[in-house]
Amino acid sequence: MTTDQFSDSLLLDSLGVLLADYNPGKNFDETFLPDGSVRALYQRIVECFTALDVSEINRLERLVDEEFRRQGITFNVYDDEEGTERVWLMDLFPRLISAVEWGKLEKGLSQRIKALNYFLADIYSGDSNVIGDGVVPRWMITSSEGFQRSASGISPTHGAHCNIAGIDLVRDRDGKYRILEDNLRNPSGISYVVENRAAMAKAFPRLFNHYTVKPVEQFGKMMRNMLESMTPAGVDSPHIVVLTPGIFNSAYAEHVFLARLMGVELVEGRDLMVDDHTVHARTIEGLVPVDVIYRRVDDDYLDPVAFRPDSVLGVPGLLGAVRAGTVTICNSIGNGVADDKAVYTYVPDLIEYYLGEKPIIDNVKTYRMYEPDHYEEAIERLDGLVVKPVAESGGYGVLIGPHATEQQLKKARAAIEAEPRNWIVQDLVELSSLPTLTGERLESRHIDLRPFVLTGERTEVFPGGLTRVALRKGSLIVNSSQGGGSKDTWVLASETPEKVQHKTR
Amino acid sequence: MRLDIRYKMHFRYGQAVQESHNEIRMKPRENRFQKVIYYRLRSNPPVRLLQAVDYWGTSVDHLGIRSSHTELELLAESAVETSPRPTPKSTIRVEDLSEPDFYSDYYEFLIPSAHVQWSPDDVFVKQASEVARDSNSLLEMVVAVINEARNALVYVPDSTEIGISLTELFAGGSGVCQDFAHLAIGMLRSVGVPACYVSGYLFAADETQPIGSLLTDVSAIGSTDVSGSVAEAGELGYTTFGGLGGELDEVHVQTHAWIMAALPGHGWWALDPTNGSLVGERHVIVGYGRDYGDVPPVRGVYKGPTWSDSDVDSVVIIGRQDTSTEGWDHSVQNAPPHIVVQSGYNPI
């Protein structure tokens, strides 16, 4: 059980129609204790929802949906025959994180990202002390799909390779936060944090009355400051651009949003060109040098000279410009080596090695399938564990043992045996749950949390994050590409709400 | 041995092209057996080059030409001093290959790579496994596998193109130096010996003729006291081949490719599958990697019509002494100085 100032709980006289039959399940429920009493942190929220009737809540839901529709806030799903674009889904019941809890998460996330940035700098500087000192075996690096040999020798400003990271956190049965995975390449979702808040504040302002919630509107400024701090030496007022693969990318709406929020141009590869190892933007005023590129184009498509020669999304000669030190690419190239799920198992060791500290937030217990003792421990119990490919993101290719058929498990075993390096097996974390609207009621649904960590001159955790929710009952897959929704996530600024009184039902 | 190399490439495009961006790998590598005395790359149109060092330690010149052009000339001139290499000890055991640190360190040279793919069903994989099984030591095994690769192909100039799979290559039965190297690498990796691809220049009139000792007498290679005689054999070979009569001072060649096999406790051992010999003072290494894809002399893109009505001439001249520049068209002039990036870091 976590300890914070809201660990008190209370039983309400009546939970109203929406929550009358709420069953928190056997997992950790963020709002209710197993005996049905409400955690103090959520008391005011629950009271608010208790007072609502179905028609009122449905009206608010429509309001939010219309707002997202009107603003074109959507997400794309690949491989979907019904069309790829869907309206963003936000559930009205918010996710709350107390100030104390957040303080601890902030420290833990900063610690992790600092260590991962040291790791990336070490690996790509060519020193690779982490290998020489026996912390990570060389083959772990050279066998990683995300390891970009072309990035060797690139040393970005401040040694910051991962400028924006999205870390997926879950809470286990005891309510303990654990790191599920790191997203250090091109994590998406930050725009939804800001958009969720805006929609929530518009649709349901009275919900905020009893809480002091840390604002999220300043994200654009924070991000812009971070990117400015990444300017190559000798440049005064940097020209920053956002580089997008274009409208067919699943996160294009986010690229547009971020560029607008930061007040910088959104460009595609063809809008940029390299001359004399310097990147220029083609503008109506002619060529203008570019100093910092926040890119949302994947490594392999960035520069056809160094990577895939058939790529038309990138900028020929870009890597040469990076080497010449005339431009900074954020995130840097080759971060995939550090969010490789097999390398993930070494992150606690990396924290100790680079920082001399114990990890503040633990990993989920993970088995390295290429290590005989790990393999022995896990291979016959896959039906109770989770199997994940090491290089995928977005929940693709994940097999949840208890929900898998015998045929699927057999296939997974064969795949692991063929390429043990390509798979990890994790303990099944049940994921905490939160009341979520399902038409006429609030039911328990599983959630995770993706906070974002910015690193330029220093490392900062953005207050809040994206809470993703599995909309199907019992499902543990929260990815929006797999039918997940989201929740506005409130990081509380102080000792709110006011001291609550205990009541009994 | 002092060797001077002039490597000239001349691209002629069917129509004007622009925004040409290229990585050039032509500079000889500095190592224990090869000292680089001189290197200079010039281009026409002239541009400011950026020199960096890649992951493999190969020197790379980044060259970008924005303006419209119909031809691109590259002239890389270098001079090196090469020295003989020690031969590995014959006592290295095959079992040492599975030592965890060795396996981990050379992992990327043990697995398939873009140009070196194989499956257990490939005939050449079965052949490699057979000769490996019959070997009594690691050196013997490496030599036997390389000879097997060499015997599987006939050297036929221009018989293949980059991108051919090992399966197709083996079925076709002919190839050039890259192919001999790729097949040998694939066969070595398939039996658990880490192997890499080496790109460079060979001072020889004919790249298929043996230079130095032939890879036949394994006991001689493996004994520790023959390192001197290997170099000597190289010297002996020098005056006799080529059919040009007398001593060679300068030869027109093509870029050459060979391989290195990693041996526990020794490191890389360089061998030349095309002519079935050890690598000696006449081999000038530019760089190495998993296969050709990691060390192409030129890799790049340009904006303009497709390659179909364009062509490229490539000439490498290697001289044994200092050579004059007579006979070369020195239209490449007034090139701006390089930006030199030390070990890939920020410019000085």
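**Exercise 1. In which helix of chain A does A:Glu61 lie?**

Residues are numbered from 1 along each chain as its sequence is written, and chains are lettered from A and ligands numbered from 1 in the order in which they are written. The model is predicted: local features need pLDDT of at least 70, side-chain atom pairs count only at pLDDT 80 or more, and totals for chains, interfaces and linings use all residues.

Step 1. A:Glu61 lies in helix α3 of chain A, residues 54-71. Helices (H or I, at least four residues) and strands (E, at least two) are DSSP runs, numbered from the N terminus.

Step 2. A:Glu61 has 17 C-beta neighbours inside 10 Å and so counts as partly exposed. A residue is buried if 20 or more other C-beta atoms lie within 10 Å of its own, exposed if 12 or fewer, and partly exposed in between, with C-beta atoms placed from the backbone.

Step 3. Not counting residues up to four places away in sequence, A:Glu61 touches A:Leu92 and A:Leu437. Contact requires C-beta atoms, placed from the backbone, within 7 Å.

**Exercise 2. Which strands of the 4-stranded open sheet of chain A stand at the edges?**

Step 1. The order in this sheet is β16-β19-β17-β18, with antiparallel pairing. Two strands pair if DSSP finds at least two bridges between them.

Step 2. The edge strands are β16 (366-368) and β18 (399-400) of chain A; each has a single partner strand, so one side of each is left without a neighbour in the sheet.

Step 3. β16(A) is joined by 3 bridges to β19 (residues 423-427) of chain A. Within this pair, A:Tyr367 has A:Val425 as its bridge partner.

Step 4. Helix α14 (residues 372-379) of chain A packs on the sheet and touches β16, β17 (385-389) and β19 of chain A. The direction of the helix makes about 125 degrees with that of β16(A); axes are lines fitted to C-alpha atoms, for helices over the stretch in contact, and angles run from 0 to 180 degrees between N-to-C directions.

**Exercise 3. How many residues does each chain give to the contact between chains A and B?**

Step 1. Chain B gives 28 residues and chain A gives 24.

Step 2. On the chain B side, β1(B) gives the most, with 4 residues.

Step 3. By class, the chain B side has 11 nonpolar, 9 polar and 8 charged residues.

**Exercise 4. Which residues touch the most other members of the largest nonpolar core?**

Step 1. They are B:Val145, B:Leu183, B:Ile259 and B:Ala261, in a core of 231 residues. A nonpolar core is a set of buried Ala, Val, Leu, Ile, Met, Phe, Trp, Tyr and Cys residues joined through C-beta atoms within 7 Å.

Step 2. Helix α4 (residues 99-125) of chain A gives the most to this core, with 11 residues.

Technical notes
Contact = placed C-beta atoms within 7 Å. Nonpolar A, V, L, I, M, F, W, Y, C, P; charged D, E, K, R; others polar.
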